[in-house]
Amino acid sequence: MSTTVVTSGTEGKTWGGGSKPLHASYGKLMMWFFIVSDALTFSAFLAAYGFSRFKFIDAWPIADEVFTHVPFLHGQDLPMIYVAFMTFILIMSSVTMVLAVDAGHHLKKSKVTLYMFLTIIGGLIFVGSQAWEWSTFIKGSYGAVQTKGGNILQFVDTDGLRVALSDFVVATPVENVRREDVNGLASVSQGTTPTFTVENVIHGLEAHDNILVRTQFLNEHGHPTVLSREESLSKVKSEAKHVVEGANLHVNEYGPPLFADFFFFITGFHGFHVFSGVVINIIIFFNVILGTYEKRKSYEMVEKVGLYWHFVDLVWVFVFTFFYLV
């Protein structure tokens, strides 16, 4: 009795090929594994953000009042315009990546080069825009006062429009404070001292009858509560503790510090992914120019990096929805 042994001719190779799952190559399948695991990470971050926002639902900052800046258009209130521009650029870069992959399937080197270049430009614009947005968010727009309980008091005029501290408060000179730690080493505190003191704010508020205090808590109409003139003076005098300018991991002039913590962490994590994608795209771009994939008669590397790029684009859609729209 004889036994027939059937071989596929691919034994000993890393990927047998005769029974490829989902008809995907080893490299593309590993990219899909990475994308799924990374998607779970982003899902956990956004779920934590959602739970935290629900906990502070009556005091969470309104995106239309936080993200109102546009480069080179200072002093204008343009809510969400620049964020929408960033989103459009990233989506269009995903479109050019699709065109690059399609050109690669047809072995059209010149078109792959062009569309990869456009994708890289789009990624650089997005990363640069996000860095500018971070800088603007850190510096702040108006300034506020933090109470002893950790809540934020903002200032508006009688029409309900936000007023910056610099519009009604006069700063007094503040010298750097020289301290010595437990080891006797001298240090100078500077760079973190607010422009104004609580006393400056109180004096400015008393001198301007048209300035009112707005709390971070929302009323029944979904807008921050504005106090009367008497309530405003009483609130600042009895509860004001610190002057807050901008946002960081400890304080946030727009509302709860947790909002700033999540903003920096999640958008920063996504920005790192986009930056990494730009670097990888640049490497693949130069390989295309050198004819590496033309010689192989396969542009699969472009397709694999394209999967990653579409992933970071899709993640931004969720980040954009959670932070800016909901």
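Guide: Five strands form an open sheet in the order E6-E5-E2-E1-E7, with antiparallel pairing. Two strands pair if DSSP finds at least two bridges between them. Helices (H or I, at least four residues) and strands (E, at least two) are DSSP runs, numbered from the N terminus. This is a predicted model: local features need pLDDT of at least 70, side-chain atom pairs count only at pLDDT 80 or more, and totals for chains, interfaces and linings use all residues. Residues are numbered from 1 along each chain as its sequence is written, and side-chain values use heavy atoms, with hydrogens and water left out.

The edges of the sheet are E6 (224-226) and E7 (240-244), each pairing on one side only. From one strand to the next, the twist averages 40 degrees. Axes are lines fitted to C-alpha atoms, for helices over the stretch in contact; angles run from 0 to 180 degrees between N-to-C directions. Inside the sheet, E2 (residues 152-157) and E5 (residues 211-218) run antiparallel, joined by five bridges. Asp157 has Ile211 of E5 as its bridge partner. Helix H5 (residues 198-207) lies across E1 (144-147), E2, E5 and E7, at about 95 degrees to E7.

Now the helix pairs. H3 (residues 81-105) packs with H9 (residues 300-325) at about 160 degrees, their axes 10 Å apart. The two are therefore roughly antiparallel, the word for angles over 145 degrees; under 35 is roughly parallel, 65 to 115 roughly perpendicular, and the rest oblique. Their crossing is left-handed: the near helix is turned anticlockwise from the far one by less than a right angle, whereas clockwise would be right-handed. Contact means heavy atoms within 4.5 Å. Among the residues making it are Val83, Met86 and Leu90 of H3, and Trp309, Trp316 and Phe320 of H9. By class, this contact has 15 nonpolar, six polar and two charged residues. Ala, Val, Leu, Ile, Met, Phe, Trp, Tyr, Cys and Pro count as nonpolar, Asp, Glu, Lys and Arg as charged, and the others, Gly among them, as polar.

H3 itself has 25 residues. From first C-alpha to last it reaches 37 Å, close to the expected 36 Å, which is 1.5 Å times one less than the number of residues. Leu107 follows H3, with a positive phi near 55 degrees.

H4 (residues 109-139) packs with H7 (residues 257-290) at about 155 degrees, axes 9 Å apart. That makes H4 roughly antiparallel to H7. This crossing is left-handed too. The contact holds 22 nonpolar, nine polar and two charged residues.
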